[in-house]
Amino acid sequence: MTVVEFARIPDLETTDRLFVGLLAKSATHWDLLDFWRSPLRFGICWTSGEVRYALGSAGLLAKSATHWDLLDFWRSPLRIGICWTSGEVRYALGLVMSKRDHLRRLDANAYRGNAVVHWTMTMRDRRTGWLDAMFYHHFRELLTHSLFRYAIACPIFCLMPDHMHLIWIGILDSSDQKLAMKHLRTRLNQSLRKIDVELQDQPYDHVLRPEERNETAIVETCDYLARNPERAELVPLDGYAEYPYSGCLVPGYPELKPFQPDFWTCFDRATAYLRKNGLVVEFARIPEAGEAGESE
């Protein structure tokens with residue numbers, strides 16, 4: 001084991017050994033978690049599968065099925081650690097595995113059919129400088145091929161300076177999000193390596209449970225994801241719709257815009273039509289997103 005100082009967090013991504021050390025420090029709260037908004041003095045934190053937990057003097061105060069925003073500590077495959085407060089600053093100390101300690105996945109069937117999954121892809125060493133208008137449009141091109149090939153709709157994606165978020169919804173019984181993600185990541189890395197950047201070994205995923213898949217819950221999840229640029233202060237409050245690197249993609253419907261007033265009506269009609277007729281309709285014109293024929 002080697003002690004890792006907070007400033008040397010990126011080293012965790014380039015070694016095959018175990019590390020223990022100060023992996024996270026926040027002078028504000030840790031997003032979403034009442035745990036960090038409470039006057040915590042000392043607690044423990046650990047990982048069970050894909051879920052992160054934190055336990056303090058008042059009981060289980062935090063639980064996250066994805067990463068805890070802003071902190072590399074929670075984007076790593078944490079096993080166990082301690083967390084505490086000193087004044088207004090929160091700290092976490094823990095043990096992480098090397099980049100080759102592969103994340104556990106659910107059974108393959110959880111990613112097939114009409115599954116709804118929140119995917120997160122992070123750049124190795126948290127590299128920045130790759131995100132610009134040219135990459136955004138190239139990303140859309142690659143995403144189009146992956147989604148068409150595996151019959152998936154993406155109601156929202158958000159490219160941040162050092163990571164990417166996507167919500168994927170399977171369209172057909174044959175849809176397979178694990179294969180689609182492998183297809184996309186392979187081609188993204190082929191492009192990124194040309195500018196000396198690459199993705200971390202594995203994406204993080206959260207397969208939405210049945211209670212998270214009703215229409216209201218999905219809309220709220222997409223809205224939360226779309227507001228990532230606000231939380232990172234890349235756009236003003238309520239200016240998330242102006243962020244240039246967010247979008248949506250449904251194969252065959254390039255005119256869909258995620259923040260248009262009737263987006264969800266158009267999205268539902270488009271995906272309903274594709275579920276009924278498939279992604280390839282021979283000798284037939286696919287109706288436009290707002291046409292009544294899609295709901296028949």
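Reader: Is Asn228 buried or exposed?

Author: Buried means under 20% relative accessible area, exposed over 50%, partly exposed in between (1.4 Å probe, protein chains only). Asn228 has a relative accessible area of 8%, so this residue is buried. The model is predicted: local features need pLDDT of at least 70, side-chain atom pairs pLDDT 80 or more, while totals for chains, interfaces and linings use all residues. Residues are numbered from 1 along each chain as its sequence is written, and side-chain values use heavy atoms, without hydrogens and water.

Reader: Which helix holds Asn228?

Author: Helices (H or I, at least four residues) and strands (E, at least two) are DSSP runs, numbered from the N terminus. Asn228 is in helix H6, residues 228–231. Its C-alpha atom is 7.8 Å from that of Cys158, 70 residues apart along the chain.

Reader: Where does Cys158 stand?

Author: Opposite His165 in S10. Two strands pair if DSSP finds at least two bridges between them. Strand S9 (residues 152–159) and strand S10 (residues 163–170) run antiparallel, joined by six bridges.

Reader: In what order do the five strands of the open sheet come?

Author: The order is S11-S8-S10-S9-S12, with antiparallel pairing. S11 (204–207) and S12 (246–249) are at the edges; each has a single partner strand, so one side of each lacks a neighbour in the sheet.

Reader: Which strands does helix H5 touch?

Author: Contact means heavy atoms within 4.5 Å. Helix H5 (residues 215–226) packs on the sheet and touches S8, S9 and S10.

Technical notes:
Axes fitted to C-alpha atoms, helices over the stretch in contact; angles between N-to-C directions.
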